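Visitor: I am new here. Please show me the structure, and then I will ask about it.

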Amino acid sequence: MKMTPLILTLPVLALAACQQQPAGETAAAGNAAMPGADAMMMAGNNASVMMPNASVAAPTDAAGYVAQAGAADLFEIESSKIALEKSQNKAVRDFGQMMIDQHQKSTADIKAAQKAGVTVQPPALMANQQQMLEEIKAADAGSFDSVYVRNQRMAHNAALALHQGYARNGDTPALKETASAVAKVVQEHIDHLASLPTA
């Protein structure tokens, strides 16, 4: 029964996957994804703060994984809504719309799980994600695209570490398979981000 809700919430995780970067930063991203991770909070202002070989592990319990994946999904949607309003770059706007569309789909899957009698806690941003969101909101027209893309890269790196970590060491087989699939989607987003404006 526990596996079913997790599987349904996997779409949310896939969206969360949209928040990561290079494999080298995967471990650091794992730390960033962990609630209260100071490294990630600092990374919101300075990508160099994320250590490539950080040793903080991704959660191995289904509840922890689903919660962090949901938070990642929420960040993608909220930050990308801002991109649609403020960016003048079509490529950035198109990427933002893709993030919103894919993450809303995962949200719909979670609602489906709730209808099936499964209780899924509403996603909530972690401190570092809220900080990145505020930075994106505060960016002026001249720096918006670089700020948005930089934070998307950090978020995706964290998401990639989250999904890859759970895929390797998670406690629920079916969810581990989903995490592995989501990690591939996150990597695609990271590859796409490489073509967008940089700071």
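Visitor: What share of the chain's contacts with a separation of 6 or more comes from residues 24 or more positions apart?
Guide: This is a predicted model, where local features need pLDDT of at least 70, side-chain atom pairs count only at pLDDT 80 or more, and totals for chains, interfaces and linings use all residues. Residues are numbered from 1 along each chain as its sequence is written, and side-chain values use heavy atoms, with hydrogens and water left out. A contact means heavy atoms within 4.5 Å. Among contacts with a separation of 6 or more, residues 24 or more positions apart account for 82%.

Visitor: How many helices and strands does the chain have?
Guide: Helices (H or I, at least four residues) and strands (E, at least two) are DSSP runs, numbered from the N terminus. Along the sequence, the pattern reads α-α-α-α-α-α-α-α. The count is 8 helices and 0 strands.

Visitor: What percentage of the residues is buried?
Guide: Buried means under 20% relative accessible area, exposed means over 50%, and partly exposed lies in between (1.4 Å probe, protein chains only). The chain has 199 residues. Of these, the buried part is 52%.

Visitor: Are α4 and α7 roughly parallel or roughly antiparallel?
Guide: Two packed helices are described by the angle between their axes and the distance between the axes. Axes are lines fitted to C-alpha atoms, for helices over the stretch in contact, and angles run from 0 to 180 degrees between N-to-C directions. Helix α4 (residues 62-86) and helix α7 (residues 144-169) have axes 11 Å apart, at an angle of about 165 degrees. Angles under 35 degrees count as roughly parallel, over 145 as roughly antiparallel, 65 to 115 as roughly perpendicular and the rest as oblique, so α4 and α7 are roughly antiparallel.

Visitor: How do the residues of the contact of α4 with α7 divide?
Guide: On α4, the contact includes Tyr 65, Phe 75 and Ile 82; on α7, Phe 144, Tyr 148 and Tyr 166 are among its residues. Ala, Val, Leu, Ile, Met, Phe, Trp, Tyr, Cys and Pro count as nonpolar, Asp, Glu, Lys and Arg as charged, and the others, Gly among them, as polar. The division is 11 nonpolar, 7 polar and 2 charged.

Visitor: The whole structure has 2 aromatic pairs. How far apart in sequence are the parts that Tyr 65 and Tyr 166 tie together?
Guide: Rings of Phe, Tyr and Trp (its six-membered ring) pair if their centres lie within 6.5 Å; planes under 30 degrees apart count as stacked, over 60 as edge-to-face and the rest as tilted. Tyr 65 and Tyr 166 have ring centres 4.3 Å apart and planes at 10 degrees, so they are stacked. Tyr 65 is in helix α4 and Tyr 166 in helix α7, so the pair ties together parts 101 residues apart.

Visitor: Which residues of α6 meet α7?
Guide: The axes of α6 and α7 come within 9 Å and cross at roughly 165 degrees. That angle makes α6 roughly antiparallel to α7. On the α7 side are Val 147 and Met 154, among others. On the α6 side are Met 132, Glu 135 and Ile 136.

Visitor: Is α4 roughly parallel or roughly antiparallel to α6?
Guide: The axes of α4 and α6 come within 10 Å. They cross at roughly 0 degrees. Therefore α4 and α6 are roughly parallel.

Visitor: How far apart are the C-alpha atoms of Met 126 and Ala 67?
Guide: Met 126 is in the loop between α5 (90-115) and α6 (127-138). Its relative accessible area is 10%, so Met 126 is buried. Along the chain, Met 126 and Ala 67 are 59 residues apart. Their C-alpha atoms are separated by 10.0 Å.
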